[in-house]
Amino acid sequence: MKVFLGMSGGVDSSVAATLLQKDSYDVTGCYMKNWSRDLPGMKCPWAEDLADAKRVATMLDIEFKVFDFETQYRQKVVDYMLAEYQKGNTPNPDIMCNEQIKFKLFFDTALEQGADLIATGHYARTDGQNLLRAADDNKDQTYFLYRISDQALAKTIFPIGGMQKSDVKKLAAKLKLPVAHKPESMGVCFVGEAGIREFISEFIETKPGEIRELETGQILGSHDGAIFYTLGQRHGLYLTTGLPYYVVKKDMKQNIIYVSRDLNNSHLWSKQAKLTDVFIRAGQTVPKNLRVRIRHRAPLAPATFNAKTQTVTFTELQKSLTPGQSIVFYAGKNHEICLGGGIISQ
């Protein structure tokens, strides 16, 4: 069986390559060149990552390909992200990247070029039909994968999904892979260490505005663009009061950020969330004893879903349900099956 493996130049996908080889697959390593533009003071790491992926492929003696997806990535992921921020939402580009690039564009390209299956270094599992949470719950990435198509999932392998991250690192060191001690990439998914604020500033013109206390309307300070702030945010306000304040509301038209010292402010907590763009995997029904994740690594929370109104209702109040972010559904034994989910609209 011929497998095209997405190789990022990191530890996870490199170990995935060795495991596929061990299972006698005919492996082709594939680097997806999604972004190569440098930002002021921040160099895009794509060339280093490509070199690392090549080194691993050479060491393992597997075929290696480079797919240039920059144009499609800009259209499907970056433009989407920027448009959402301009609306005042807080989008998740990783989810869109997985749906549109890795498990659609890469998947289609791989099959066109003769692959029987694709594989990635994500922490997730599949039985061919269901998307399942990873064995390492702390590293589980099904939150970011919930929108991948049924067609792609049926032909996808997650070689490290049954492993703990610590064991992946140990195996990489034991095999003396060139990337065994490479640190994990952080920041925006496609620009390495660059922060989202710096990235957005390159494409969207922002202007200063007021930071007001919600309860009194008093002006406490100024911000450099409401677009940069998200509900529940505490850091980055730079107020001179010396007291902790939280973002509880944004007025995008007036460019005003409203804050409060009250962690129990009703704007921060909710028992319901309206969803849009809901995706449920084929053949799945959403049960009454549903568990949901409101953000990556958030604990699974009991909830119900009304398909008619596209509304999630929680058993307990939830903090900072942020428009643009996703709520992902889980069911089955130990709630290990990822059913799908939707994007918070309000």
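Predicted model: local features only at pLDDT ≥ 70, side-chain atom pairs only at ≥ 80, totals over all residues.
Biologist: Where does Tyr238 lie?

Modeller: Helices (H or I, at least four residues) and strands (E, at least two) are DSSP runs, numbered from the N terminus. Tyr238 sits in the loop between strand S9 (219-223) and strand S10 (246-251).

Biologist: And what is the phi of Tyr238?

Modeller: Most residues other than glycine have a negative phi. Tyr238 is not a glycine, yet its phi is positive, about 55°. Ser24, also not a glycine, has a positive phi of about 70°. You will find Ser24 in the loop between H1 and strand S2 (26-33), and it is exposed at 62% relative accessibility.

Biologist: Now helix pairs. At roughly what angle do the axes of helix H1 and helix H7 cross?

Modeller: Axes are lines fitted to C-alpha atoms, for helices over the stretch in contact, and angles run from 0 to 180 degrees between N-to-C directions. Under 35 degrees counts as roughly parallel, over 145 as roughly antiparallel, 65 to 115 as roughly perpendicular, and the rest as oblique. The axes of H1 (residues 11-22) and H7 (residues 165-174) come within 10 Å and cross at roughly 70°. H1 and H7 are therefore roughly perpendicular to each other.

Biologist: Which residues of H1 and H7 make the contact?

Modeller: Contact means heavy atoms within 4.5 Å. H1 brings Val11, Asp12, Val15 and Leu19, and H7 brings Lys165, Val168, Leu171 and Ala172.

Biologist: Which residues of H7 are buried?

Modeller: They are Lys165, Val168 and Ala172. An α-helix has 3.6 residues a turn, so residues three or four places apart point the same way. Seen down the axis of H7, its buried residues fall within an arc of 55° (taken from the directions from the helix axis to the C-beta atoms), so they line one face of the helix. These buried residues pack against H1, while the face turned away from the buried side carries the exposed residues Lys170 and Lys174.

Biologist: How do H3 and H4 compare, and at roughly what angle do their axes cross?

Modeller: The axes of helix H3 (residues 70-87) and H4 come within 9 Å and cross at roughly 160°. H3 and H4 are therefore roughly antiparallel to each other. Among the residues in this contact are Lys76 and Tyr80 of H3, with Gln100 and Leu105 of H4. Gln100 counts as buried at 17% relative accessibility.

Biologist: Where does Ala115 lie?

Modeller: Look in the loop between helix H4 (93-112) and strand S4 (117-119). Ala115 is buried, with a relative accessible area of 7%. The C-alpha atoms of Ala115 and Val3 are separated by 5.5 Å, although these residues are 112 residues apart along the chain. Leaving aside neighbours within four places in sequence, Ala115 is in contact with Lys2, Phe4 and Ala110.

How values were computed: Residues numbered from 1 in each chain as written. Heavy atoms only, no water. Buried < 20%, exposed > 50% of the residue type's maximum accessible area, 1.4 Å probe, protein only.
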